[in-house]
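Please look over the model below before reading the points that follow. They are set out in the order in which a reader might check them.

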2 protein chains.
Amino acid sequence: PQQVHHPFLSSFLLSFGGLSRCKESLDFPEYDGKDRVHDLNAKNYKSVMKKYDVMVVYYHDHPGSSRVAQRQFEIEELTLELAAQVLDEFDDEDIGVGVIDAKLDKVVAKKLGLEESDSIFIFTDDEVIEYDGELAADTIVEFIYDVLDDPVEFIDNSRELKGFENIEEDIKLVGYFKSHKSEHFEAFADAAEEFHPHIKFFATFSPKVAKALEMKLNEVDFYEPFIDDPVVIPGKPYSEDELVKFIEDNDRPTLRKLQPHNMYEIWDDDSEGEHIIAFAEESDPDGFEFLEILKEVAEDNTDNPDLSIVWIDPDDFPLLLPHWEKIFGIDLSFPQIGVVDTGDADSVWMDMGDGDDMPSVDELEDWIEDALSVDDENDDDTDDDDDDY
Amino acid sequence: PQQVHHPFLSSFLLSFGGLSRCKESLDFPEYDGKDRVHDLNAKNYKSVMKKYDVMVVYYHDHPGSSRVAQRQFEIEELTLELAAQVLDEFDDEDIGVGVIDAKLDKVVAKKLGLEESDSIFIFTDDEVIEYDGELAADTIVEFIYDVLDDPVEFIDNSRELKGFENIEEDIKLVGYFKSHKSEHFEAFADAAEEFHPHIKFFATFSPKVAKALEMKLNEVDFYEPFIDDPVVIPGKPYSEDELVKFIEDNDRPTLRKLQPHNMYEIWDDDSEGEHIIAFAEESDPDGFEFLEILKEVAEDNTDNPDLSIVWIDPDDFPLLLPHWEKIFGIDLSFPQIGVVDTGDADSVWMDMGDGDDMPSVDELEDWIEDALSVDDENDDDTDDDDDDY
């Protein structure tokens with residue numbers, strides 16, 4: 001089979017990613033230099049993809065001819081090689097990794113149904129799942145594990161129910177059904193496959209758990225991130241299509257968290273080229289307090305389709321923190337909220353004083369309302385130093 | 001000033017770590033090829049260290065002469081270069097990065113008071129703080145931010161109190177004092193500096209917050225990870241030394257979480273060459289359930305000084321998951337608990353069936369007791385396939 005060859009890299013970076021500490025149990029894997037990433041083209045793609053249960057395909061723009069662009073792409077390939085090596089060791093499924101060049105092999109991408117380049121697609125038995133997160137080996141590999149997990153998790157007892165309630169950063173649904181064999185459960189499981197693993201689906205067959213959740217038989221509840229009370233999806237029992245439609249109509253939460261595995265997906269889902277961005281460090285008392293206020297704002301405004309605040313915990317992106325402080329002109333040692341132009345990174349920020357006093361829910365709502373209406377009136381009226389209008 | 005030079009690497013990996021997505025706000029920093037990491041030796045170390053507010057020093061073993069070892073070390077340097085570049089952009093403090101070779105410059109390490117090589121030390125105004133976590137740029141940089149944070153955080157209101165209660169993975173202390181000027185607060189703050197940032201210190205001056213915590217004036221409460229009820233440190237008001245002694249006597253929790261920033265520190269703190277390791281994925285219902293059971297076991301056995309269970313969430317170490325499944329011979333798609341020899345990775349694991357039914361608290365306690373007593377009787381009696389004695 002044709003493969004990507006980069007002898008210079010593979011001989012040089014034989015030990016990429018590994019830092020031996022003489023503790024076998026904790027040794028991070030080192031890239032062994034073996035080429036595992038397939039260069040997919042019209043001749044080989046069918047036979048290569050047939051060999052694997054799951055195929056991870058990076059559909060990338062053709063690398064530019066500059067040395068920097070070339071190196072950039074070599075690093076990306078190396079990241080994929082490390083991911084491929086780790087996935088190769090994984091026993092449960094045969095997982096392959098390949099790349100498609102958007103200039104040279106557009107026709108292959110087309111045959112596979114891929115439209116947007118510069119993304120990673122995961123081909124399983126019956127689904128194609130897009131990954132639009134950081135191109136880092138650990139984040140990609142973790143996402144693949146999630147893909148391989150069952151689309152529906154079961155809540156059998158009160159401890160597992162507590163675990164369900166503990167998940168607040170993602171959209172989640174829970175359904176209460178008679179049993180695995182229920183046709184309504186089947187519709188629910190089919191809908192789950194459409195959104196897996198981006199949206200989390202749970203089911204219970206336990207009347208006790210259902211009682212604690214105040215659910216009736218065949219009911220499905222939809223939870224926005226960070227909002228305690230669910231919406232009961234109307235019209236039970238539901239067909240797969242009804243569930244899919246409801247979720248598609250409600251998949252832009254009022255408050256959502258930017259995470260390495262979804263960062264570009266969320267960034268692309270802006271509103272007229274802008275995002276409301278809130279920085280808050282959850283592990284810090286001020287940050288936690290601000291986040292609680294944000295959650296109350298989200299709860300109050302959950303019916304406003306225009307409002308989708310992106311929460312960034314700086315702890316999740318330490319390498320970007322100084323960059324953000326510089327381009328946004330803000331101090332991230334305390335919480336911040338602002339409106340950011342997703343293109344040129346122009347931004348306006350709420351005046352947070354010296355960070356000692358957090359705004360009230362009302363003050364925050366007023367600021368957001370002003371920020372959104374100023375945007376409507378005058379799209380050019382956003383500049384860096386006007387932060388207290 | 002003398003610096004580490006690696007022209008081959010710096011020209012090759014000009015764009016290390018960066019994956020441009022044409023979205024300026026989310027562009028990860030790319031290594032710019034500039035040498036920032038100082039090679040500290042007897043001649044330069046004083047003048048170099050004087051230049052910075054904070055100095056990060058990697059005291060490393062002399063790299064072996066094999067090509068693999070050389071490359072290994074070059075990757076480590078590159079990781080430090082990327083960290084140095086990000087820290088260089090950070091406005092609040094001047095932060096330098098240096099390396100000391102344990103063979104060539106042992107005398108420098110000695111003058112700086114460094115005994116153990118293969119660790120990173122952070123020199124601030126008045127403390128030397130050891131970092132014994134993963135040698136990855138993001139994890140190191142995040143740790144430096146924590147070092148730069150104040151050693152004592154304040155709880156001013158009920159939302160911040162909720163944030164305090166939300167922290168359960170670290171040892172934390174909280175003190176209730178009259179004001180900043182209280183001599184008892186000063187003793188507390190001085191003790192905090194000794195353990196910062198490994199142990200989290202909180203203080204409140206609010207009678208309301210103190211009432212919610214059921215605390216008397218000048219009282220300090222000590223919280224083990226994952227245990228809701230604190231221990232009131234006896235003998236208030238305390239001197240700095242009394243606080244330090246109590247913490248040192250109690251810094252080996254019954255249940256603790258392995259994290260990238262503390263992984264080698266925890267691994268080294270074994271009991272007779274062994275660790276009890278529990279794998280549980282918190283975001284999964286089964287994993288959450290098992291973790292709840294583990295917390296109850298920890299609560300029941302908090303007074304047993306021999307017991308310190310290391311919890312690993314596989315989500316935190318995706319690249320190590322297949323490696324662990326292989327060397328331990330276990331399936332990490334459901335929770336596992338076992339005893340691992342920290343040297344040769346020999347291990348015995350509890351029989352978890354097919355992962356559908358979690359053991360009860362009593363069953364888990366019995367298993368742990370057996371595992372610990374078998375160890376006492378016969379240290380060689382641990383092999384891989386004997387998992388239900």
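**Notes on the model**

1. This is a predicted model. In chain A, 70% of the contacts between residues at least 6 apart in sequence join residues at least 24 apart.

2. Chain A has 13 helices and 15 strands as its secondary structure. Of the 389 residues in chain A, 57% are buried; a residue is called buried here when its relative accessible area is under 20%.

3. How is chain A superposed on chain B? A rotation of 180° does it, with 0.0 Å of shift along the axis and an RMSD of 0.0 Å. This is the relation of a two-fold axis. Both copies use the same surface, since 99% of the contact residues of chain A recur in chain B.

4. One pair of helices in chain A can be followed in detail. Helix H7 of chain A covers residues 183–195, and helix H9 of chain A covers residues 240–249. Their axes come within 8 Å and cross at roughly 40°. The crossing of H7(A) and H9(A) is right-handed.

5. Which residues of H7(A) and H9(A) meet? From H7(A) they are A:Ala187, A:Phe188, A:Asp190, A:Ala191, A:Glu194 and A:Phe195. From H9(A) they are A:Glu240, A:Leu243, A:Val244, A:Ile247 and A:Glu248. Sorted by class, this contact of H7(A) with H9(A) has 7 nonpolar residues, 4 charged residues and no polar ones.

How values were computed
Residues numbered from 1 in each chain as written. Chains lettered and ligands numbered in written order. Predicted model: local features only at pLDDT ≥ 70, side-chain atom pairs only at ≥ 80, totals over all residues. Heavy atoms only, no water. Least-squares fit on C-alpha atoms with pLDDT ≥ 70 in both. Contact = heavy atoms within 4.5 Å. Axes fitted to C-alpha atoms, helices over the stretch in contact; angles between N-to-C directions. Helix = DSSP H or I, 4+ residues; strand = E, 2+ residues; numbered from the N terminus. Left-handed = near helix turned anticlockwise from the far one by under 90°. Nonpolar A, V, L, I, M, F, W, Y, C, P; charged D, E, K, R; others polar. Buried < 20%, exposed > 50% of the residue type's maximum accessible area, 1.4 Å probe, protein only.
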